[in-house]
Amino acid sequence: MTIQVLGHKSPDTDSTGSPILWAWYLSEIKGTPAQAVLLGEPNTEAAFLLKRWDLPKPAIIDDVADDAPVVIVDTNNPAELPSNINNADVQAIIDHHKLVGGLETKGPIDITIRPLACTATIMHDLMGDDAAKMPEWAKATALTCILSDTLEFRSPTTTPHDKAVAEKLAADLGISIPDYAAEMFAAKSDVSSFSDAELLRMDSKEYEVDGTKFRVSVLETTSPATVLDRKTSLIDTMTTVASEDGVDQVLLFVVDILNEEATLLVPNDLVKTVAAKSFDATATGDSVVLPGIVSRKKQIIPNLKV
């Protein structure tokens, strides 16, 4: 059976590109039939990746079948995966997030979780000498994933190794990293066609803090005003999204990539408390600026308190 390679729900660039990259490696290098699939529509930056390098969009699936062979990338959290994942035949996990627990497998599997900024960096390492065999589009996919997850090396998750791999890939492709990253971030910032509910779910993860369930949403942009101009309607929509998704509160962080800061929308006293306890920030209105906060994985999730 063909192995399905999949990332997390609400697929960003890494969870779109890394399945494509690993499916190529399994199929073309290891001789094991594999295909990339997605658990939702890719975000605007991931869509840019597909269009820029003329890649077909992977099929979008709702669930996986019993005993279906699967490789999980860019997550190990069951809440971010298909509901039937524990009945599938999970054969490997490649990830760069903390170990959450809760996944069950049919037997021993290969698990690679490394403290790097991007899944694609790990994949480049796992390929070893075979990485040199990547076609241009595959090198570009890996580069795009790394630049996305590191915010062009601005994110505190960036390691020297992530940067070195990205620079090597860019050199092989003859690409200027600043120019290419500017294209990527412009695509990521164009959210005009999305509804408020879609924006709140676009790049989000569920996380529980002392019994309070949050949908932690991050919008990375070079044009924060475009999102913040919709602040009132976004706040109004948070209640609906929280109810539909079975969480207590949506937290929206609008990350200003260029100024390296985040604006947290503050719809109520709960979020005001979160701002104070988590980031030592005093919210007097419906938003508060958090200087230096750009990474959900390293700066937001670990610090959340209620």
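In the predicted model, Arg-201 is partly exposed, with a relative accessible area of 24%, and this residue forms a salt bridge with Asp-245 in which the closest N and O atoms are 3.0 Å apart. The pair links distant parts of the chain, since Arg-201 belongs to helix H7 (residues 196-202) and Asp-245 to helix H9 (residues 231-245), 44 residues apart. Lys-231, also a residue of helix H9, forms a salt bridge with Asp-286, for which the closest N and O atoms are 3.1 Å apart. Because Asp-286 lies in the loop between H10 and S11, this pair ties together parts that are 55 residues apart in sequence; Asp-286 itself counts as partly exposed, at 32% relative accessibility.

Lys-57 is partly exposed, with a relative accessible area of 43%.

Two aspartates in helices are also described. Asp-196, located in helix H7, counts as buried at 15% relative accessibility, and its side chain makes a polar contact with the side chain of Arg-230 at 2.9 Å. When neighbours within four places in sequence are left aside, Asp-196 is in contact with Arg-230, Ser-233, Leu-234 and Thr-237. Asp-149, found in helix H4 (residues 136-150), is buried yet has no salt bridge, and the nearest side chain of opposite charge, that of Lys-297, is 6.4 Å away.

Helix H10 (residues 269-279) has as its buried residues Val-271, Val-274, Ala-275, Ser-278 and Phe-279. They cover an arc of only 100° around the axis, which puts them on the same side of H10. These buried residues pack against strand S8 (212-221), strand S9 (249-256), strand S10 (261-265) and strand S11 (287-291), as well as against helix H11 (296-300). The N-terminal end of H10 is capped by Asn-268, a side-chain oxygen of which lies 3.2 Å from the backbone nitrogen of Leu-270, whereas the helix is followed by Asp-280, whose phi is positive, near 50°.

In soluble globular proteins, nonpolar side chains tend to be buried together. The largest nonpolar core of the model contains 72 residues, of which Val-5, Trp-22, Leu-143, Phe-253 and Leu-304 touch the most other members. Leaving aside neighbours within four places in sequence, Trp-22 is in contact with Val-5, Val-71, Ile-94, Met-123, Leu-126 and Met-127. Apart from this core lies another, of 17 residues, among them Ala-197, Leu-199, Leu-200 and Leu-219.

Key: Residues numbered from 1 in each chain as written. Predicted model: local features only at pLDDT ≥ 70, side-chain atom pairs only at ≥ 80, totals over all residues. Heavy atoms only, no water. Helix = DSSP H or I, 4+ residues; strand = E, 2+ residues; numbered from the N terminus. Buried < 20%, exposed > 50% of the residue type's maximum accessible area, 1.4 Å probe, protein only. Lys, Arg positive; Asp, Glu negative; His and termini not counted. Salt bridge = Lys/Arg side-chain N within 4 Å of Asp/Glu carboxyl O. Arc of directions from axis to C-beta. Contact = heavy atoms within 4.5 Å. Polar contact = N/O pair within 3.5 Å; in protein donor to acceptor, adjacent residues only side chain to side chain. Core = buried A, V, L, I, M, F, W, Y, C linked by side-chain atoms within 4.5 Å.
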